[in-house]
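Please read this briefing alongside the sequence and the 3D structure. It is arranged by topic.

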Amino acid sequence: MDQPPVIIVGAGIAGLCCARTLLAAGIPCTLLEAADTPGGRIRTDELDGFLLDRGFQVLLTAYPEAQRVLDYSALDLRPFEPGAVVRFDGRFHTLMDPWRRPGSILDGALARVGSLADKLRMGSMRSELQRAGPLAIYQRPETTILESLRARGFSDAMIDRFFRPFFGGITLDLSLSGSSRMMEFVFRTFSIGDAAVPAGGMQRIPEQLAAGLPAGCLRLHTPALTVEPHRVRTPGGTLQASAVVVATDGPAAARLLQRPRAPAVRGVTNLCFAIDGPPPVEQPVLILDGDGAGPVTNLAFMSSVSPRYAPPGKALASASVIGIPAEDNATLERSVRRQMASWFGPAADAWRLLRVYRIADALPRQSPPWLTQPIWNQRVAPRLWLAGDAQDTPGLDGAMVSGRRAAEGIIAERAS
Ligand SMILES: Cc1cc2nc3c(=O)[nH]c(=O)nc-3n(C[C@H](O)[C@H](O)[C@H](O)COP(=O)(O)OP(=O)(O)OC[C@H]3O[C@@H](n4cnc5c(N)ncnc54)[C@H](O)[C@@H]3O)c2cc1C
């Protein structure tokens, strides 16, 4: 008799990559997704001709797993400039990567953001991490990002003006208490590739992964209520499974597996503004709050990265506030507008707020020893596996790796 399929709960990036690996090995699988579309935390809304990613997200083109899994040219990737613009002391300072933008004005800007010694340290960190490779990075001693930067000798000015908004924006934690290995992995990945978005929005990534699934494999609007190694209960009935992969976000996995402790998460609030006419910054660049005054830590004019993010003649600003502020949207909007007006002048008062996204469980918390001792094993029990970005580096690449690894575990279990 034919075995029932493997059931994967959750069609985010991890679940989709798990399905892909199983299908490539000839193992039938069914993806159960509670929402109305695959992609999980990666989603793009369309509003008045604007493309609004649910929270500012980028694909790092040098992510090792993404390079293997995604068809980059079909995604029509639009890169950011390598580097950032840092706002502090009432001015913008452009900090381009001088190795990829020789002749850029980093030298002068870095002298203002940090010191000459910081510049040398940045260069040696870059070449050391490039030589190391991702696997070696995972073997290194793990401490916090802040301790690691201090141990490397970076000045407080360099940390506060550049690293804090940069890595704080990535890990959603301005105290920089995340894992140094994650920081090293991300810094290396930034230094050898681009930060980019698909021309038509981040959701094109999960759509590309889902497009390869056979008909009937993905069942939307189908939440799993309980899971066991050989069956999954849904509102429509109980489904038999040859194995089960829980590929949800960490808190949902804890509920399904009845774990008392869920991976802690970090949140972010994203405000999208429509601008009539050209944006104040037309280069595709990330803008950082080097003053630490907030509330916005990082800002991007998405239509400068891909024109499809805004209708002709308009621009789209995506402003990220780390955490979930206590104040209501109207109060938050007022303080964001004050900051934007101080950066770009009174023209920012005319920006039209399109939407506010409050994303409480955007990323796992990733404090050390995050990558040394994951809180859960991926193999929960025979034929019951976990996947998701709480199982690896928090982000797209880690979600992809975790999905593939769960599938490989099931393939090995079947072979033994
Ligand atoms: C605002 C924001 C910014 C980010 N920035 C970046 C970035 O710049 N670069 C980067 O690499 N990563 C970034 N990330 C992280 C990245 O989006 C995630 O790491 C990745 O999408 C996680 O994928 P996943 O499959 O592990 O989980 P999820 O995307 O959470 O997918 C889990 C799926 O499970 C479904 N589900 C949950 N419970 C059930 C149930 N009971 N039954 C059925 N289905 C269920 C959910 O609906 C969801 O579709 C960001 C995330 C956010 C939110």
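This is a predicted model: local features need pLDDT of at least 70, side-chain atom pairs count only at pLDDT 80 or more; totals for chains, interfaces and linings use all residues.

**Domains**

- The domain assignment divides the chain into domain 1 (6–42 + 203–264 + 367–415), domain 2 (44–63 + 72–79 + 196–201 + 265–364) and domain 3 (105–193).
- Taken over C-alpha atoms, the centres of domain 2 and domain 3 are separated by 24 Å.
- Contact between these two domains involves 17 residues of domain 2 and 16 residues of domain 3.
- On the side of domain 2 that touches domain 3, the elements giving two or more residues are strand S15 (265–276), strand S16 (287–289), strand S18 (314–322) and strand S19 (352–364).
- S15 gives the most to that side of domain 2, with 3 residues.
- By residue class, the side of domain 2 that touches domain 3 has 8 nonpolar, 7 polar and 2 charged residues.

**Helices H1 and H9**

- Two packed helices are described by the angle between their axes and the distance between the axes.
- For helix H1 (residues 13–24) and helix H9 (residues 204–211), the axes come within 9 Å and cross at roughly 25°.
- Angles under 35 degrees count as roughly parallel, so H1 is roughly parallel to H9.
- The crossing of H1 and H9 is left-handed.
- H1 brings Ile-13, Leu-16, Cys-17 and Arg-20 to the contact, where they meet Pro-206, Leu-209 and Ala-210 of H9.
- The residues of this contact of H1 with H9 comprise 6 nonpolar, no polar and 1 charged.

**Burial of H9**

- Which residues of H9 are buried? They are Arg-204, Ile-205, Pro-206, Leu-209 and Ala-210.

**Arg-379**

- Strand S20 (residues 379–381) contains Arg-379.
- Is Arg-379 buried, exposed or partly exposed? Arg-379 counts as partly exposed because it has 16 C-beta neighbours inside 10 Å, whereas a buried residue would need 20 or more and an exposed one 12 or fewer.
- Apart from neighbours within four places in sequence, Arg-379 is in contact with Trp-385 and Gly-409.
- Arg-379 lies 9.1 Å from Val-245, C-alpha to C-alpha, although the two are 134 residues apart in sequence.

Conventions:
Residues are numbered from 1 along each chain as its sequence is written. Axes are lines fitted to C-alpha atoms, for helices over the stretch in contact, and angles run from 0 to 180 degrees between N-to-C directions. Helices (H or I, at least four residues) and strands (E, at least two) are DSSP runs, numbered from the N terminus. Angles under 35 degrees count as roughly parallel, over 145 as roughly antiparallel, 65 to 115 as roughly perpendicular and the rest as oblique. A crossing is left-handed if the near helix is turned anticlockwise from the far one by less than a right angle, and right-handed if clockwise. Two residues are in contact if their C-beta atoms, placed from the backbone, lie within 7 Å. Ala, Val, Leu, Ile, Met, Phe, Trp, Tyr, Cys and Pro count as nonpolar, Asp, Glu, Lys and Arg as charged, and the others, Gly among them, as polar. Domain bounds come from an automatic or database domain assignment.
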